[in-house]
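The sequence and structure are shown first.

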Amino acid sequence: MLTAVRTQLGGALFRRVAGPDGPATRARIHETPGPRWFAPDRPIRTVHGDASMFIGGLSALLLQSLHPLAMAAVAGHSGYRGDPWGRLQRTSTFLAVTTYGTSADARRAVDHVRAIHERIRGTTSRGVPYHAADPHLLGWVHAAETDSFLRAHERFGARPLDAAGYDGYVADTARVAEALGVSDPPRDRRQLAERLTAYRNELGATPEARAAARFLLFQPPLPLAVRPFYGGLAANAVVLLPSWARAMLWLPRVPVVESLTVRPTGQALTRAIRWAMTPPPDRSGPA
């Protein structure tokens, strides 16, 4: 009975994240022979393969929304409200291909995304032009994502890395960032923190950013029965944010509640996701 529950829950989570073509995509990524960008022992494989990514991904979206030009591009072109699961599936597939796939497959994925970015242009509600392929704007998206994934893994990962391991993770993500068009991405945790600080005077919570936060945190397109579990992930995504980012989004801090209930809930949920998505051991024994 427990194995059946585990299989059903893991399958449902995988379909939600990977989409209807998930099994075929997974087979292509992991079973196609050929050189990879990252060896099996690289930190990026450890971080991106962990259940903490569920919380880190939500936190990254909230943090990324604070750059008005990035948020304008998302609001105007991504369709995150009309097709949020499709956007999640495309993002998760890109991360999987570039982290685990062959070098050729990773290069094709990067070229596809770069072609999309090249077409995305517009102006904000204040008349400021933006271009999704702008290396500086891509640099913010990359730094916010990398910091969020790192923070989530450090707090909720099954096997947190040491300082050298997290520096290695930042260096690994820099390879993908450069391929996408980011100029001189940070290559260790200190540089990552400095880069985030350098963007601070460009950031602000626009009406579009606060609307996106409301959608992500309070209006997820999920059945009512599932929303309490999602709410636990979302609450922990907020707790991961830097204090200045929470202030911009009007997300108050409640330290006692966060330490006594929110963080333990995050630990329990990531353990449950990890359990569900790890195939049960084969106990059939020899024939």
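## Salt bridges

The predicted model holds 11 salt bridges. One of them joins Asp 50 to Arg 274, with the closest N and O atoms 3.1 Å apart, and this pair links distant parts of the chain, since Asp 50 sits in the loop between H3 and helix H4 (53–64) while Arg 274 belongs to helix H14 (residues 255–277), 224 residues away. Asp 50 is buried, its relative accessible area being 10%.

Other salt bridges lie within a single helix. Arg 107 and Asp 111 meet at 3.1 Å, N to O, and they are separated by about one helical turn because they stand four residues apart in helix H7 (residues 103–119). Both ends of this pair are partly exposed, Arg 107 at 34% relative accessibility and Asp 111 at 40%. In helix H8, Arg 151 and Asp 147 are likewise four residues apart, about one turn of the helix, and their closest N and O atoms are 2.7 Å apart. Here Arg 151 is partly exposed, with a relative accessible area of 30%, whereas Asp 147, at 8%, counts as buried. Salt bridges with shared partners also join Arg 28, Asp 105 and Arg 108 into one network.

## Nonpolar core and aromatic pair

The largest nonpolar core comprises 69 residues, of which Leu 62, Leu 63, Leu 66, Trp 140, Trp 244 and Leu 249 touch the most other members. Helix H8 (residues 135–156) gives the most to this core, contributing eight residues. Beyond its neighbours within four places in sequence, Trp 244 is in contact with Leu 63, Leu 66, Trp 140, Arg 200 and Leu 203.

The count of aromatic pairs comes to one. The ring centres of Trp 140 and Tyr 199 are 5.5 Å apart and the planes meet at 55°, so the pair is tilted. Trp 140 lies in helix H8 and Tyr 199 in helix H10 (residues 189–199), so the pair ties together parts that are 59 residues apart in sequence. Trp 140 is buried at 0% relative accessible area, and Tyr 199, at 4%, is buried as well.

## A buried arginine without a salt bridge

Arg 45, in helix H3 (residues 43–48), is buried yet has no salt bridge, the nearest side chain of opposite charge being that of Asp 41 at 7.4 Å. A polar atom of the Arg 45 side chain does, however, lie 3.1 Å from the backbone oxygen of Phe 38. Leaving aside neighbours within four places in sequence, the residues in contact with Arg 45 are Arg 36, Phe 38, Ala 39, Pro 40, Thr 99 and Tyr 100.

Notes. Residues are numbered from 1 along each chain as its sequence is written. This is a predicted model: local features need pLDDT of at least 70, side-chain atom pairs count only at pLDDT 80 or more; totals for chains, interfaces and linings use all residues. Side-chain values use heavy atoms; hydrogens and water are left out. Helices (H or I, at least four residues) and strands (E, at least two) are DSSP runs, numbered from the N terminus. Buried means under 20% relative accessible area, exposed over 50%, partly exposed in between (1.4 Å probe, protein chains only). Lys and Arg count as positive and Asp and Glu as negative; His and the chain ends are not counted. A salt bridge is a side-chain nitrogen of Lys or Arg within 4 Å of a carboxyl oxygen of Asp or Glu. A polar contact is a pair of N or O atoms within 3.5 Å; within protein, one must be able to donate a hydrogen and the other to accept it, and residues adjacent in sequence count only if both atoms are side-chain atoms. Contact means heavy atoms within 4.5 Å. A nonpolar core is a set of buried Ala, Val, Leu, Ile, Met, Phe, Trp, Tyr and Cys residues joined through side-chain atoms within 4.5 Å. Rings of Phe, Tyr and Trp (its six-membered ring) pair if their centres lie within 6.5 Å; planes under 30 degrees apart count as stacked, over 60 as edge-to-face and the rest as tilted.
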